[in-house]
Amino acid sequence: MHTEVLVQSMLVPLFLILLSFIEDSLLQSVSQVGGVCKLSTESSLRRCRTPDGKICSGRGKCNCGICICEAIEPGKFFGPRCECHDWVCATYNGKTCNDRGYCDCGVCECDESWFGDACQFQEECTLSGKESRELCKNQQGVVCSNRGTCHCGSCMCDNEDKRGMVTGRFCECDDSECLDEETGEICGGHGQCYCGNCYCAAGWHGDKCEFQCDMSPWESRQRCTSPDGKICSNRGQCQCGQCTCHPPGDSRVHGKNCECDDRQCEDISGEVCGGHGYCSCGRCICEKGWFGKLCQFPRSCDMSDAQSKGLCETSDGVICSGKGSCHCGKCICNPQDWWVSGEYCECDDRECDKHDGIICTGNGLCNCGNCECWDGWNGNACEIWVGEEY
């Protein structure tokens with residue numbers, strides 16, 4: 001059955017593209033003679049206009065009554081009015097059409113005995129009521145987030161307004177956050193909403209895909225790429241070739257590609273460079289007589305060597321846990337072992353959670369194996385932005 005569906009999923013879009021090509025060719029032969037368009041502007045646009053009044057579905061340009069779709073990647077936009085866009089087919093559990101059907105012009109065609117906008121519901125259920133409810137519980141243990149009903153282990157979300165704003169495997173998403181307040185369209189008609197966030201089509205950007213960009217997505221990303229190869233240094237959002245740094249309005253994160261993070265100059269209490277220096281693009285420039293990453297060590301010492309070592313010993317009598325040297329009663333952890341930290345060099349920062357390969361996602365400090373997130377960030381690895389929107 002799945003083999004047949006796979007073949008269908010490949011043939012149907014190809015058939016639509018072929019049909020579109022034949023239709024376009026016929027129209028072109030009638031409307032153009034010798035390369036000159038014989039249609040008036042009004043007639044040309046009328047042929048390109050969709051029933052809802054958009055020219056080429058807002059995804060292309062009209063050329064003598066023929067739509068030239070702007071996104072030409074296979075499986076993206078196609079059809080005589082650029083009306084087909086398979087990438088917006090509903091997903092369930094991260095799978096398009098739940099792998100129980102195929103995507104046809106943005107709509108899931110489900111396998112036999114499966115139904116739903118993402119083919120997520122099975123007509124015949126073999127699960128007990130208890131087993132079904134367990135599969136419908138979110139992380140907090142609430143069935144369908146109290147915003148839907150459970151059917152054979154899958155949530156059927158409440159959408160009384162028929163607009164399908166409540167989505168997600170556990171009905172945890174509110175897609176009304178994607179609505180453009182001016183037009184009332186989801187993502188301004190130029191993107192797709194996934195769990196309350198807009199993912200814009202090529203050439204558009206903004207929270208609601210409301211801004212048009214005159215450069216390609218590739219060029220935009222290139223302009224936003226920092227020297228280390230990360231988009232906006234993983235500290236911001238790229239919009240039409242410009243980085244907007246997180247957190248919005250926080251001058252501590254700055255630079256063309258958000259490459260400067262002056263929060264790195266602060267200790268857990270928020271003091272900058274230990275009060276003995278100033279911060280320059282995320283690095284402390286220490287005053288005379290002080291040194292260390294945070295200018296926390298005085299160069300001169302007024303205590304004896306025995307007094308100093310006594311303050312650096314751990315409970316088992318080992319100086320700086322055997323992972324550093326003692327200076328004026330404070331442990332200087334071995335700089336070659338970047339992951340060693342703590343008052344007595346007892347902590348291993350490799351135990352802190354990572355996201356995208358970066359400890360605490362660069363949005364907090366690793367404090368003895370646990371991430372201490374800066375304002376506006378949350379999560380085990382400080383990977384979740386919960387602050388003020390852009």
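Student: Which handedness does the disulfide of C360 and C371 have, left-handed or right-handed?

Tutor: Happy to start there, and bear in mind that this is a predicted model. C360 and C371 form a disulfide with their sulfur atoms 2.1 Å apart. The torsion about the S-S bond of C360 and C371 is about -95°, so the disulfide is left-handed.

Student: What is the bridge partner of C366 in β34?

Tutor: Start with the strands: β33 (residues 364-367) and β34 (residues 370-373) pair in the antiparallel sense over 4 bridges. They form a hairpin with 2 residues between them, and C368 in the turn has a positive phi of about 55°. Within this pairing, the partner of C366 in β34 is C371.

Student: How many disulfides does the structure hold, and which handedness does the link of C312 and C326 have?

Tutor: The structure holds 27 disulfides. In the one formed by C312 and C326, the sulfur atoms are 2.1 Å apart. The angle about the S-S bond of C312 and C326 is 75°, and this link is right-handed.

Student: Where do C273 and C284 lie, and how many residues apart are the parts they tie together?

Tutor: The sulfur atoms of C273 and C284 are 2.2 Å apart, and the two form a disulfide. The torsion about their S-S bond is about -95°, so this disulfide is left-handed. C273 is in the loop between β22 (260-261) and β23 (277-280) and C284 is in strand β24 (residues 283-286), so the tied parts have a separation in sequence of 11 residues.

Student: Why do the buried residues of α2 line one face of the helix?

Tutor: In helix α2 (residues 41-48), the buried residues are S43, S44 and C48. Seen down the axis of α2, they fall within a limited arc, so they line one face; that arc is 135°.

Student: Which residues are exposed on the other side of α2, and which strands are included in what covers its buried residues?

Tutor: Take the two sides in turn. On the other side of α2, the exposed residues are E42 and R46. The cover over the buried residues of α2 includes strands β3 (60-63) and β4 (66-69).

Student: With which residues is T50 in contact, leaving aside its neighbours within four places in sequence?

Tutor: T50 sits in the loop between α2 and β3. T50 is buried, with a relative accessible area of 11%. Once neighbours within four places in sequence are left aside, the contacts of T50 are S57 and R81.

Student: How many aromatic pairs are there, and what kind of pair do F115 and F121 form?

Tutor: The structure holds 3 aromatic pairs. In the pair of F115 and F121, the distance is 5.4 Å centre to centre and the angle between the planes is 40°, which makes it tilted. As for accessibility, F115 is partly exposed at 31%, whereas F121 is buried at 6%. The kind of pair is tilted.

Student: What kind of pair do W338 and W339 form, and which residue lies over the face of W339?

Tutor: The ring centres of W338 and W339 are 5.7 Å apart and the planes are at 90°, so the pair is edge-to-face. W339 is partly exposed, with a relative accessible area of 21%. Over the face of W339, at 4.1 Å from the ring centre, lies R350.

Terms used. Residues numbered from 1 in each chain as written. Predicted model: local features only at pLDDT ≥ 70, side-chain atom pairs only at ≥ 80, totals over all residues. Heavy atoms only, no water. Phe/Tyr/Trp six-rings, centres within 6.5 Å; stacked < 30°, edge-to-face > 60°. Buried < 20%, exposed > 50% of the residue type's maximum accessible area, 1.4 Å probe, protein only. Lys NZ or Arg CZ within 6 Å of the ring centre and 35° of its normal. Arc of directions from axis to C-beta. Contact = heavy atoms within 4.5 Å. Pairing = 2+ DSSP bridges. Disulfide = S-S within 2.5 Å.
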